[in-house]
Amino acid sequence: MSTTDIPRHGETTSPSREGTGPPDVEGCVARLRASLPEGAVITDRQQLRTYECDGLSSHRSVPAVVVLPEDAEQVAATVAICSEHGVPFVARGSGTGLSAGALPRSDGVLVVTSRMRRILEVDIDNERAVVEPGVINLDVTKAAAPYGYYFAPDPSSQQVCSVGGNVAENSGGAHCLKYGFTTNHVLSMTVVTPDGATVELGGPARDAPGYDLLGAFVGSEGTLGVVTSITVRLLRQPEKVRTLLAGFSSTDEAGEAVSAIIAAGVTPAAIEMMDELSIAAAEQAVRCGYPEGAGAVLIVELDGPEAEVEHTFTEVRRYCTERGAFEIRSAADEAERALIWKGRKSAFAAVGRISPDYIVQDGVIPRTALPEVLRRIAELSARSGVRVANVFHAGDGNLHPLVLFDSSVPGASERAEEVSGAILDLCVEHGGSITGEHGVGADKVRYMGRMFTPQDLDTMQYVRCAFDPVGVCNPGKVFPTPRLCGEVPGPRRGAHPLAEAGLADEF
């Protein structure tokens, strides 16, 4: 379902609250102003437009209110007031998400945690740190670095994305092949539930007793509550790091090299691949100096004990050479390593040099399917006339096809959307997923039914309703049907009450 008052990529309406009427936004704003410091509540239309989208700018909705809390108590007060007045709310960190997961509600409150940037504790003896949700990902590593430690999750946006947003989306990054996603590095959290209560999930132990509510919350895309502090694991910096750049004539050859490396039992810290089009964009943007004439490049990074890294590095070079690499470089120092990574880290933004508009897609396939799926994507591109640049985490099969188009050309946006959806179909067809780390948000809601059965979706909805029975916490995201928490999950018969009342449209 989508509200009729949002012109582009609408989100679902908030569930009706039987007997309570529509959201009382005016009453909510009055209470917020009375409860929070001056300047914490924004209602000016021009200022609100700053927050109308996250990193996926094709989805836009101006919030009714923005709240900028400075601590956990202000978050709890904000959520409690929203709950009392039946006003939907959405949490937002740095706004770098790529699935419209932080898309605001035009009738709701956007809770922006960007002022909550304190690193509360760095506990090296127990290899952990406690941070507020607005802390920038890379700043955790900077705080731990003097002690020889770092924070492993490293999204490409790590210089600007927030840890709270990483928790919401279960973000990964280039090094998740060896070290896992955000969920593998969170020990506990303080969370404000949708009714305004404050609870602790997880604990100082590696495996807290009881249901794994911490695991349920990480990756829930802001639909179960608002996190106010996170205890994260810190890892000791490796003794040795070696970075290799290999140029291949084609993505087929590069994909075969990836399969050979993993099949040999080698687990690099990262294996990243870029195709010819994404290489060209990166060269224009940052002059990274990748091998000339390459149809694909692999970036392979190894870390660990020095003897192990040197031995494995020799093996990786051999596997790349045997699979057709025509040029192999290794970084001699940190500056060369940074230059190799610069092209990959800037890839998403770099395609703006070769296309006025693009869709950043995010799907997952088994590693062994890489050559086949990349060929199928190339066929889709040729048949549709829509260019696709491929840059991705090859080691774990997490694709990030960049579908290029010019929105000023009639029909171009629609063709790009069709190709984008067809790529996700390919991922599901080959036993993969419609998202690896960007999340479902509002953007991929319509694809969830291609991957999950109605019974699967109902089971997930039970969890959501347990946390948010009234349906005010980031409503309209993740799930393709607007099930009300008061309903018994199961097949719906007939029109939805909101559709019958003319308040929303079904799709």
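Visitor: Between which directions do the angles quoted for packed helices run?
Guide: In this predicted model, helix axes are lines fitted to C-alpha atoms over the stretch in contact. The angles, from 0 to 180 degrees, are taken between the N-to-C directions.

Visitor: Is α13 roughly parallel or roughly antiparallel to α14?
Guide: Helix α13 (residues 370-384) packs with helix α14 (residues 412-429), the axes being 11 Å apart and the angle about 160°. Angles over 145 degrees count as roughly antiparallel. Therefore α13 is, relative to α14, roughly antiparallel.

Visitor: Which residues of α3 make the contact with α1?
Guide: The axes of α1 and α3 cross at roughly 155° and come within 9 Å. This angle makes the two helices roughly antiparallel. On the α1 side the contact is made by C28, R31, L32 and S35, and on the α3 side by T78, I81, C82 and E84.

Visitor: Which strands and helix do the buried residues of α1 pack against?
Guide: In helix α1 (residues 25-35), G27, C28, V29 and L32 are buried. These buried residues pack against β1 (41-42), β2 (65-67), α3 (72-84) and β4 (109-112).

Visitor: Which residue caps the N-terminal end of α1?
Guide: The backbone nitrogen of G27 lies 3.0 Å from a side-chain oxygen of the capping residue. G27 is also among the buried residues of α1. The cap is D24.

Note on methods. Residues are numbered from 1 along each chain as its sequence is written. This is a predicted model: local features need pLDDT of at least 70, side-chain atom pairs count only at pLDDT 80 or more; totals for chains, interfaces and linings use all residues. Side-chain values use heavy atoms; hydrogens and water are left out. Buried means under 20% relative accessible area, exposed over 50%, partly exposed in between (1.4 Å probe, protein chains only). Helices (H or I, at least four residues) and strands (E, at least two) are DSSP runs, numbered from the N terminus. Contact means heavy atoms within 4.5 Å. A polar contact is a pair of N or O atoms within 3.5 Å; within protein, one must be able to donate a hydrogen and the other to accept it, and residues adjacent in sequence count only if both atoms are side-chain atoms. Angles under 35 degrees count as roughly parallel, over 145 as roughly antiparallel, 65 to 115 as roughly perpendicular and the rest as oblique.
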